[in-house]
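Biologist: Please take me through the reading of this model, feature by feature.

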Amino acid sequence: MLTGEHRLYAPSILKRQQWSTTRENAHLSRSQGIRVTIPNGSERPDPEDEMARINPDQIHSREDLIEQLARLFDARGLSIQALAAESTLSASTIHGMINGATDVPRPSTLEKFVKACGHDPKPWLEARHRLRESPRQAASASRAKGRQFREFWREFAKPDLTLVVGLHQFSRWEPSGLIGVGDAFALSEIQQHFVRIGAPSPVITYSDRVGGEARRNPLILIGGPDANAITDEIMKRLPCSLGFRQRTPHDVSIQDSQTERTYAPRLLRQGEVTDYGIVVKTRNPFNPQVPTLIVAGSFGYGSWAGARLLTETTSAELASSHASFECLFETEVVGRTPQATKVLILRELAQTRKPFPFKPDA
């Protein structure tokens, strides 16, 4: 228990518990300009030094506030009981404020403490306000992103949503066709996401089986135009600046027509790849009343990474960007699995339909 013959010196949370001396020694140190040596060999800074380090503008966390209050207390040079009498606060309240037992003190408590220490309470109350508002603002921003994320997917949570994957045909070896491993994992990621959010399961079909009426449904397309014919049809009708070059068969590089820069995947070593992909979200050019989402990688890893980017709430920047957008991303593949994914370009996409070239019969 603290008595009137003791005071604590508290320039930091840890050192506060060590720096304790008698009031007589404290007065002696202030009057003669000496430092008080404590058992572990460290020294208590002179109160004048502490005064120079007092700055409420440096308070950015609860720990900062406690340390600054402790410095304020040390610089005042009173015992806890004496300061309690001067501030009309209890000794236990002051002890908790300078030793971390109290959370963030109430404004009235903080004002009384600071005034009793001979300082203007206004900057200290402003510092307290920052501490209280920062978590609230962060929580509010997080809730807003969560709402935008849910609204993004609610637009696709329709009974007639059609999820289209590309199919590689090998008539002799496998007549039913093959789907790329990366595209298969992308399909699985999106399916699991719809289960998690309680949305209806989408109709899953191959690109060569999408009829005329199905093209008018809400669509999620997995895979680039070389494998997914519906992706090819849709992208030809969109005013995208990001797209697959396809200057030669199976060219999987992505080109930005605004900068003329090309992004080509790199095979580094076995199991390690740097892959690229695009995500496009807009209205369905065959039926502007419903949405369309394209997830396509240069390799299948890019499609897989794109599906993760869209379904992880930590990547909600896409969901909160624009009603229609195009996005270019890069992913690092290690152990045959996409790891870190970085958004390189995110642009608003005009919802006007791109004129489709009409080729008259010869």
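Biologist: Is Arg336 buried or exposed?

Modeller: Relative accessible area decides this: buried means under 20%, exposed over 50%, and partly exposed in between, with a 1.4 Å probe and protein chains only. Arg336 is exposed, at 52%. This is a predicted model, in which local features need pLDDT of at least 70 and side-chain atom pairs count only at pLDDT 80 or more, while totals for chains, interfaces and linings use all residues. Residues are numbered from 1 along each chain as its sequence is written, and side-chain values use heavy atoms, with hydrogens and water left out.

Biologist: Where does Arg336 lie, and what is its phi?

Modeller: Most residues other than glycine have a negative phi. Arg336, although not a glycine, has a positive phi of about 60°, and its place is the loop between S14 and S15. Helices (H or I, at least four residues) and strands (E, at least two) are DSSP runs numbered from the N terminus. The two strands form a hairpin with 2 residues between them, and Gly335 in the turn also has a positive phi, of about 65°.

Biologist: How many bridges pair strands S14 and S15?

Modeller: Two strands pair if DSSP finds at least two bridges between them. Strand S14 (residues 325–334) and strand S15 (residues 337–348) are joined by 9 bridges in the antiparallel sense. Phe325 stands opposite Glu348 of S15.

Biologist: At what angle do helices H4 and H6 pack?

Modeller: Axes are lines fitted to C-alpha atoms, for helices over the stretch in contact, and angles run from 0 to 180 degrees between N-to-C directions. Helix H4 (residues 62–76) and helix H6 (residues 91–99) pack at about 120°, with axes 7 Å apart. Angles under 35 degrees count as roughly parallel, over 145 as roughly antiparallel, 65 to 115 as roughly perpendicular and the rest as oblique; H4 is therefore oblique to H6. Contact means heavy atoms within 4.5 Å, and here Ile66, Leu69, Ala70 and Phe73 of H4 meet Met97, Ile98 and Asn99 of H6.

Biologist: At what angle do H6 and H7 cross?

Modeller: The axes of H6 and helix H7 (residues 107–116) cross at roughly 90° and come within 12 Å, so the two are roughly perpendicular. Thr93, Ile94, Met97 and Ile98 in H6 meet Thr109, Leu110 and Phe113 in H7.

Biologist: Which residues of helix H10 are buried?

Modeller: In helix H10 (residues 229–236) they are Ile230, Thr231, Ile234 and Met235. These residues fall within an arc of 125°, judged by the directions from the helix axis to the C-beta atoms, so they line one face of the helix. Their packing partners include S8 and strand S3 (162–165).

Biologist: Which residues does Gly306 touch?

Modeller: Leaving aside residues up to four places away in sequence, Gly306 touches Val279, Val295 and Phe329. Gly306 belongs to helix H11 (residues 300–311) and is buried, with a relative accessible area of 0%.
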